[in-house]
Amino acid sequence: MNLSVLFVMVMLYTMCFQVLKTQQLQVGFYRTNCSNAESIVRQEVERAFFFDDKGIAAGLIRLHFHDCFVRGCDGSVLIDSTPNNVAEKDSPANGISLRGLDVIDRAKARLEAACRGVVSCADILAFAARDSTEITKGIGWPVPAGRRDGRVSLAAETVALPPPTFNVTQSTQAFANKGLSQKDMVILLGAHTVGRSHCTSFSKRLYNFSPTTSQDPSLDPFFAWFLKSQCPLDGQGNIDPNSVVQMNRSPNLQDNSYYADISAHRVVLTSDETLNSNSQTLSLVNEYASNNTKWLIDFAGAMVKMSKIGVLTGTAGEIRSNCRVINP
Ligand code: HEM
Ligand SMILES: *[C@@H]1O[C@H](CO)[C@@H](O)[C@H](O)[C@H]1NC(C)=O
Ligand SMILES: *[C@@H]1O[C@H](CO)[C@@H](O)[C@H](O)[C@H]1NC(C)=O
Ligand SMILES: *[C@@H]1O[C@H](CO)[C@@H](O)[C@H](O)[C@H]1NC(C)=O
């Protein structure tokens, strides 16, 4: 082989490597340009959790999911609506149910003060989801970072988020659309071990399930009675849109108890109940219900996978200076 051929090959190899390097997320991405990035986010998550509201951890985990399923993990869920645009956060799928937005704002303000224009809002969400998992006694993970922020947020695109009325086939399709397997879905749904749900997300199961049955027959009758007591109808037959129930008996603890709840038909969402209706998802539910460590480890892995959906890297997108507003 002559020298010039070798030279060209080495050049090509280096170029490919450079392209790969800029396009892939990396653990420790901010080490050189903002070495405190991850600890600043961590401090703000801890401050909110320990001194303000434990529910913030669940809220932040869900925020990352809702970010990633709509236009990829690009921080688009954080953008505020403008007179000309209804953003994702003001869609029915998000709306009043989102929690943790102010924690992201506080982290971002400190990050801009410490290292202006370096840390993306999309990465803050990814760090905060990991921190929220650890703080609720789950198993964390090193967060591959280097996401850039998108410049588009459209309420209409939240159709990519599966609604709680979906059956297992429909949910599986929604995850497949994002490159996630049915197993990933069952693992990730274990996140419903923390947090809360608004009564309006499942009240059909209690009061007007079908033309012939008011109550969903798949719901444990005692649990249905309990839920009705938490989600009462007013004199006009309406439910207070602000009323909520916790997802399970330990809403601030990452554990596999939600899988046992599914088997016992004591889960609030149809989309969780229907994991019983398919032999593959049912066997995974049983597997995770019987091994907490296995679920915690697999959850960490599935979160990393989810956090890579449709990311912008390199010079794509931008580093927003305010997570609520696209840079001018
Ligand atoms: C088929 C898929 C899913 C459906 C249909 C679904 C639906 C829902 C609904 C309806 C709520 C209650 C919102 C409210 O009314 O306040 C909720 C809460 C929650 N979801 Fe999901 N979800 C799904 C998957 C996921 C995934 C993949 C994650 C994260 C990995 C996740 C994490 C959470 C968390 C942590 C909460 C509690 C939020 C809080 O307490 O503020 N969900 N989900
Ligand atoms: C760090 O800053 C340098 C100089 O501005 C820049 O070339 C590099 O891309 C930055 N790296 C990261 C990870 O932000
Ligand atoms: C799930 O819902 C879709 C749409 O309503 C329906 O076509 C399908 O048969 C349902 N699948 C199962 C397993 O119930
Ligand atoms: C639970 O899962 C872990 C991790 O996969 C494994 O090492 C352990 O042997 C399992 N425990 C039981 C009781 O099966």
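1. Leaving aside neighbours within four places in sequence, Thr-281 is in contact with Val-168, Gln-182, Val-186, Thr-274 and Leu-275. The model is a predicted one. Thr-281 belongs to helix H12, residues 279-289. Its relative accessible area is 0%, so Thr-281 is buried. The Thr-281 side chain also reaches the backbone oxygen of Leu-275, at 2.7 Å.

2. The UniProt record (unreviewed entry) places "domain: Plant heme peroxidase family profile" at residues 24-327. That span is 41% helix and 3% strand. Its end C-alpha atoms lie 24 Å apart.

3. The whole structure holds four disulfides. Counting bonded cysteines along the chain, the pattern is 1-4, 2-3, 5-8, 6-7.

4. Cys-34 is joined to Cys-115, S to S 1.8 Å. The two are 81 residues apart, with Cys-34 in the loop between strand E1 and helix H2 and Cys-115 in the loop between helices H4 and H5. Cys-34 is buried at 3%; Cys-115 is buried at 9%.

5. Cys-121 and Cys-323 have sulfur atoms 2.1 Å apart. The S-S torsion is about -95°, so this disulfide is left-handed. Cys-121 sits in helix H5 and Cys-323 in the segment after helix H13, 202 residues apart. Relative accessible area is 0% for Cys-121 and 1% for Cys-323.

6. Cys-199 pairs with Cys-231, S to S 2.1 Å. The link is left-handed, with -70° about the S-S bond. Cys-199 lies between strand E3 and helix H8, Cys-231 between helix H9 and strand E4. Cys-199 counts as buried at 0% relative accessibility, and Cys-231 counts as buried at 0%.

Terms used
Residues numbered from 1 in each chain as written. Chains lettered and ligands numbered in written order. Predicted model: local features only at pLDDT ≥ 70, side-chain atom pairs only at ≥ 80, totals over all residues. Heavy atoms only, no water. Helix = DSSP H or I, 4+ residues; strand = E, 2+ residues; numbered from the N terminus. Buried < 20%, exposed > 50% of the residue type's maximum accessible area, 1.4 Å probe, protein only. Polar contact = N/O pair within 3.5 Å; in protein donor to acceptor, adjacent residues only side chain to side chain. Contact = heavy atoms within 4.5 Å. UniProt positions renumbered as here; feature names shortened; annotations may be inferred. Disulfide = S-S within 2.5 Å.
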